[in-house]
Amino acid sequence: MIDRDDVLHVARLARLRLSDAEADRMTGELAKILEHVERIGELDLDGVPPTAHVVAVEHELRPDVPGPCLSREAALAQAPATQDGGFLVPSPQAG
Amino acid sequence: MTAILDLTAAQAAAAIERGDLDPGELFGIYRERAAADELGAWTWVADAAPVAFDVGAPLRGVPLAVKDLFCTEGVPSQAGSRILEGYRPPYTATCVERLQTAGATLLGKTNQDEFAMGSSNENSGFGPVLNPWDRSRVPGGSSGGSAAAVAAGSAPWALGTDTGGSIRQPAALCGIVGLKPTYGTVSRFGMIAFACSLDQAGPLTRDVTDAALLYRHMAGADARDATAVGHPDEIGLPSAERLDGVRLGVPVELAGGEGIEPGVLAAFERSLALARELGATVEEVSLPTADRALSAYYVIAPAECSSNLARFDGVRYGLRVEADDLLTMYTETRHDGFGDEVKRRILIGTYALSSGYYDAYYGRAQRVRTLIARELAAVFERVDAIVTPTSPGVAFELGSKSADPLAMYLNDFFTVPMSLAGVPAISIPCGLADGLPVGLQVAGAAFSENRLLDIAYALEQGLGFDGSPARGGATP
């Protein structure tokens with residue numbers, strides 16, 4: 001059974017802050033959803049291969065030649081902050 | 001004007017071709033209705049008619065509503081999420097581009113559940129959508145804005161996406177037609193991703209002919225989406241009037257009646273009777289694992305979502321909550337930008353993929369997916385199509401299920417198995433229950449769209465459903 005600490009751990013992995021109220025509420029909701037999901041535990045799945053994808057696709061490589069792509073300006077146009085032709089982010093060093 | 005509003009998209013295109021209808025007038029009528037919409041169906045409406053209409057192309061300039069999550073160059077594309085508020089992409093989704101090349105004109109973008117996660121459109125960051133049949137009720141979701149716009153006559157037709165039922169269920173609840181095509185027949189390039197192995201674009205339309213026409217111009221392989229294989233056949237316009245020799249299967253595990261509202265079951269049974277009158281045989285078939293499809297789906301879809309939505313981090317586009325360090329910027333941006341349902345699914349998905357739980361959840365769910373795909377394939381060896389109600393109930397009251405995520409998920413009970421197997425399914429309106437539309441789902445083997453559309457068309461002609469009450473009134 002998933003508990004509040006599990007939820008907070010998973011939230012950290014997902015880079016998502018939860019308020020205290022959210023963590024409380026989500027713990028109950030997630031437990032109920034996972035209980036439903038765990039019904040797949042009752043099935044006999046011995047020897048059944050997994051399906052990641054339903055279409056059998058052969059991966060093809062495209063020719064390695066230059067072609068048109070987004071301009072730097074277009075790629076940066078929607079960014080919250082830019083500098084020197086790149087995305088600007090705060091320091092990865094905490095505090 | 002009323003006469004023009006009564007035209008289906010295919011009829012409007014034909015009238016333009018004959019010279020009986022001016023595409024500018026058609027666009028103007030719909031633009032005005034979309035701009036005056038009171039249902040919350042639209043997130044953006046074109047300011048003015050385009051300078052020119054491509055009346056020589058097959059879709060003759062007929063206006064098109066596009067679900068918010070399709071990227072449209074220079075036009076807000078927010079996937080119903082505050083984290084993408086105001087985002088104007090630098091490119092257009094392949095399937096929208098294909099439709100524009102075929103002569104469709106962009107009328108506007110439609111509201112949806114945030115990142116297509118939901119069955120009521122109440123999860124939109126931009127407000128709920130109301131059902132045009134009864135404004136106290138939801139239109140379904142996640143393509144709720146597209147369905148409501150078509151039903152209310154503020155768009156002739158619309159694009160949606162279906163991951164576990166997001167085209168079919170809102171089509172059913174709004175009394176229109178919705179087609180989820182075979183996975184891989186329509187490019188996903190430029191669709192803001194929810195669950196890549198399940199997401200598929202498709203049409204929401206007033207009738208089956210419009211669905212065939214729109215789908216014909218959407219399908220096609222795409223070098224920018226390695227999973228887009230296109231369709232092996234030219235999609236025809238349906239013409240079958242009879243169902244002689246057609247074998248329909250009713251899955252005993254799905255259509256057993258449990259959890260289905262009596263009015264929905266009655267409309268479903270009337271549809272089966274009609275199918276028999278038209279010459280079809282109706283038999284019971286078995287999909288032993290189908291009742292576990294929802295459980296598998298709510299592992300697979302959230303797992304893929306948790307990975308896809310990692311890209312919303314405040315760096316390249318959308319919302320950023322300023323912070324002194326990078327990690328806090330990420331966690332605060334995602335806290336403020338995502339709504340509750342998206343957070344739930346990110347957490348479930350991350351949990352299911354995390355060390356120690358992967359095999360019990362994601363690994364098992366993928367094996368269940370194999371069983372469901374095999375069972376459906378075996379049934380389609382025996383029957384041409386299977387039929388079920390699209391949704392266990394009619395449109396429900398706003399707010400009535402939002403406190404219970406699991407109750408909301410059960411809306412997808414009939415639609416999820418086909419999504420997991422990647423097979424096509426169409427929902428057509430098959431009657432009213434308590435004055436609200438009921439949808440009939442017809443599903444077939446992979447790439448059987450032409451046969452599916454023919455079956456749906458014959459049933460549609462026999463059912464004679466009247467969608468005009470939802471279009472009533474001077475403004476939608």
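**Notes on the predicted two-chain model**

1. Let's start inside chain B. Leaving out neighbours up to four places away in sequence, B:Ile455 is in contact (heavy atoms within 4.5 Å) with B:Leu243, B:Val246, B:Leu248, B:Asp384, B:Ala385 and B:Val442. B:Ile455 sits in helix α15 of chain B, and with a relative accessible area of 2% it is buried. For this note, buried means under 20% relative accessible area, exposed over 50% and partly exposed in between, using a 1.4 Å probe and protein chains only.

2. Before going on, a word on what you are looking at. This is a predicted model, in which local features need pLDDT of at least 70 and side-chain atom pairs count only at pLDDT 80 or more, while totals for chains, interfaces and linings use all residues. Residues are numbered from 1 along each chain as its sequence is written, chains are lettered from A and ligands numbered from 1 in the order in which they are written, and side-chain values use heavy atoms, with hydrogens and water left out.

3. B:Ser448 is in the loop between β13 (436-443) and α15 (449-463) of chain B. Is B:Ser448 buried or exposed? At 10% relative accessibility, B:Ser448 counts as buried. Setting aside residues up to four places away in sequence, B:Ser448 touches B:Thr182 and B:Pro424.

4. Now for chain B as a whole. Chain B has 15 helices and 13 strands; these are DSSP runs numbered from the N terminus, with helices being H or I of at least four residues and strands E of at least two. Buried residues make up 68% of its 476 residues. Among the chain B contacts with a separation of 6 or more, 76% join residues 24 or more positions apart.

5. On overall dimensions, the C-alpha atoms of chain B fill a box of roughly 70 × 55 × 45 Å along the principal axes.

6. Chain A makes another picture. Its secondary structure comes to three helices and two strands, running α-α-α-β-β from the N terminus on. The radius of gyration of chain A is 22 Å, well over the 12 Å that the globule rule gives for 95 residues, so chain A is more spread out than a compact globule. Its C-alpha atoms fill a box of roughly 50 × 45 × 20 Å along the principal axes, and buried residues make up 31% of the 95.

7. How much area is buried between chain B and chain A? About 5300 Å², of which carbon and sulfur atoms give 67%; buried area here is the accessible area (1.4 Å probe) that two parts lose on being put together, summed over both. B:Arg292, B:Leu347 and B:Arg364 supply 13% of the area that chain B buries against chain A, more than any other three residues. The contact takes 63 residues from chain B and 53 residues from chain A.

Terms used. The radius of gyration is taken over C-alpha atoms; the globule rule is 2.2 Å times the number of residues to the power 0.38.
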